[in-house]
Amino acid sequence: MPPIIDDSKCTGCGVCAEHCPQDVFFGSEIKKTPVIAFPEECWHCYACVLDCPVPEAIRLRTPVPMMLSYR
Amino acid sequence: MEIEHIKADVLCVGGGIGGLMAAIRASELGAKAVVAEKGNALHSGKGGGGCDHYLSYIPEIHGPDMDAFIEEMLQTQQRHNFEGLGMNRIRVHIAKTFDIVKMWESWGIPMKYRGEYHYAGHAFPGGFRCLMKYEGRNQKPILTKKALEKGVEIVNRVMVFDLVSDGNKVYGAIGLNTRDEKIVVFEAKSVILGTGGISRLYPSPTPGWFNNIATRLSLTGDGRAMAYRAGAELQNMEMRIQHAGPKYYARFGQATWIGVFRDPQDRPIGPFVTKPERLYGDITPEVNKNIFLEYAQAGKGPVYMDGRGMSQEDLDYMMYWLPHEGNTPLIEHMKADGIDYLKHPVEFMTYDQGSGGRIVTNEEGETSINGLYAVGDELANGVSNASVFGWISGENATLYAKGANIPDGKEIQDLIDEKKGLLEKIRGQKNGPDWKEVNVALQQIMSDYSGALRTEALLDTGLFHLKRLKQKALESIIAGNQHELGRSIEVLNMIDIGELVFICSKERKETRGLHIRRDYPLTNPRLNNKVHIIKEVDHRPVTEWRPTQK
Ligand SMILES: Cc1cc2nc3c(=O)[nH]c(=O)nc-3n(C[C@H](O)[C@H](O)[C@H](O)COP(=O)(O)OP(=O)(O)OC[C@H]3O[C@@H](n4cnc5c(N)ncnc54)[C@H](O)[C@@H]3O)c2cc1C
Ligand code: SF4
Ligand code: SF4
């Protein structure tokens, strides 16, 4: 579940883990790819994606129960 | 658990919009201001993803008669929002809005659109437009930076969970570090609660899921729970609030959408617009947020937000504002799934937002306890309310702190020992339910026994069951680390609030708004201008009816 980090791009700078208001990345360490400790607590605020300094290192996946209903 | 001590003149609990504004003002006036924030103030709280509407009155735009503006505003969703707060407070609020707008602008939050103040959305065609569009995407990082510049100390990852008070006066608070095994004791001359609303008391659109909520899962009514335990008065805890937004992707922001709410036969469900109108939106759900649920229950739904027929320019305008309104992920989802809003109406639904209660304050932001203030969503929703009263409370708390001192009594130590005991007990418990399990149980009791329908028998049964849950949770809830410990304390706070909802619902023997008592279907006119107060006296809840403040 969200977010998803691309290991090959992430530099382990720790910004996402530091900024996440819900502490989804609890237990992460600097210089390592952050751990997604509590994926189900992500509120999809997008802060981690917007603040990550590396393009496309981190993205969010919309959980299927949250797919918009439209016609 | 190790204990850390932090001293402050003014402690702001919660680094949301209200808490940061209060701290900025207090620091500016010379107080030592500390913000304790359970997440990270940069993006925390309801305003953390951004907002795009600022309720504000500018005489040059709206005319010299502020009361005419207020009258118009009270026909929109603000009527429920400000219910029971009194006209004086509303006037103090509205009169101050333009000052804050100018201040925010000077701090770097763009309050103008294409060089001008621009009002749109939340409006009836032909009436005043009361909400200014502003670019709030970065409001939290900007306010955080401002607070640091002014010398505010921001302590992130500390969840405050109880006040230090003698029942009459407050002189600090206790928090837990949600990362390290630490308890943080704040010795403060005054305390401002800016902990936001309550989001997980009632079920989300996806049962058992805590993250699919219109606000944020870390807003758990901590402020009102600790204010109550410290002896402060709360009001109208039984009143329920609802919100409306896209179905399944629960999110605030309904008034940023442009289009017409239509039924499956393409008939507009409201009388206000028949084609997409960028300056107004469709205000129908502000008149009745329950309308989507009513349509569903009557077999007349689903209801869609329908943007078909709008110009590309209007679509670009809406897509420009939705990210400011904290809806970036929703737009990304639409893009990823190829949902073209020009072709596809999006279904909307009613969200159950839970208890509409609030902490009792006066126009100065003071609660019924000396030295304790409350701001923002602890009273009413909105960026404008949070920022104006944050500012006012920061000022008054600083004044109060000048004449206050902190007793170095035994009481503080006793409280620390008691709380430390509770936290360590929870950390030591094994094989019990985690916070999520307890939260699911709480939501099921709230929605089944104190939800859309209420009777004396249901309320008695639910309250009995809730008390059992509380006992069981205290005895057995588990937390494997400090983060889960914080979540556990949040659930315990929500159980406390749930109990108050039951007690107040029992006492309100009438039907009013969304408080539907099947056994008391009448709306009692004798309660029209009354607020329902609850407070703790000698460890027991005591309720009272009081005339609404003038
Ligand atoms: C998507 C979205 C869009 C919105 N758009 C608008 C809009 O356009 N216009 C408008 O007027 N309103 C809007 N709102 C509402 C607005 O954001 C809130 O009314 C406002 O942010 C309230 O400010 P606050 O400071 O009271 O609470 P919040 O901003 O919610 O802040 C509360 C803070 O307290 C912290 N906290 C909570 N408990 C504790 C504790 N125990 N210890 C320490 N810290 C704690 C939280 O982490 C949080 O940072 C929107 C809300 C959402 C979700
Ligand atoms: S989207 Fe927000 S809540 Fe989710 S992981 Fe990123 S920063 Fe945290
Ligand atoms: S912010 Fe980006 S680069 Fe830095 S740790 Fe997170 S994902 Fe990796």
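Okay, let's start with a sheet in chain B. Four strands make an open sheet there, ordered β10-β13-β12-β11, and the pairing is antiparallel. Keep in mind that what we're looking at is a predicted model. The edge positions go to β10, residues 240–246, and β11, residues 260–262, and each of these has a single partner strand, so one side of each is left without a neighbour in the sheet. From one strand to the next, the twist averages 40°. As a reminder, strands in a sheet pair through backbone hydrogen bonds.

β11(B) runs antiparallel to β12 of chain B, residues 303–306, and three bridges join them.

Now, another sheet in chain B. This one is open too, with four strands in the order β14-β9-β16-β17, again paired antiparallel. Which strands stand at the edges here? They're β14, at 358–359, and β17, at 540–547, and because each has a single partner strand, one side of each has no neighbour in the sheet. β9(B), which covers residues 234–235, pairs with β14(B) in the antiparallel sense over two bridges. Within that pairing, Q235(B) has R358(B) as its bridge partner in β14(B).

Then there's a helix to look at with this sheet. α16 of chain B, residues 482–507, lies across β9, β16 and β17 of chain B. Its direction is about 130° to β16(B), the strand at 530–537.

The largest cavity has about 110 Å³ of space. Thirteen residues line that cavity, and K38(B), T178(B), H483(B), R487(B) and E490(B) are the closest to its centre. And here's our helix again: α16(B) provides the largest share of this lining, four residues. By class, this lining has two nonpolar, six polar and five charged residues.

Last stop, the ligands, over in chain A. Ligand 2 has 14 residues around it, and the ones that come nearest are C20(A), C42(A), C45(A), Y46(A) and C48(A). That shell contains twelve nonpolar residues, two polar ones and no charged ones.

Ligand 3 has cysteines around it as well: C10(A), C13(A), C16(A) and C52(A) are among the surrounding residues. The shell also includes T11(A), G12(A), G14(A) and V15(A), along with P34(A), P53(A), V54(A) and I58(A). How many of the residues around ligand 3 are charged? There are no charged residues in that shell, which has nine nonpolar and three polar ones.

That's my tour, thanks.

Key
Residues numbered from 1 in each chain as written. Chains lettered and ligands numbered in written order. Predicted model: local features only at pLDDT ≥ 70, side-chain atom pairs only at ≥ 80, totals over all residues. Heavy atoms only, no water. Near = heavy atom within 4 Å. Nonpolar A, V, L, I, M, F, W, Y, C, P; charged D, E, K, R; others polar. Pairing = 2+ DSSP bridges. Contact = heavy atoms within 4.5 Å. Axes fitted to C-alpha atoms, helices over the stretch in contact; angles between N-to-C directions. 1 Å grid on protein atoms, 1.4 Å probe; cavity = no way out; pocket = protein on both sides within 12 Å on 5 of 7 lines; lining within 4 Å. Points joined across faces, edges and corners; volume = space filled by probe spheres on them.
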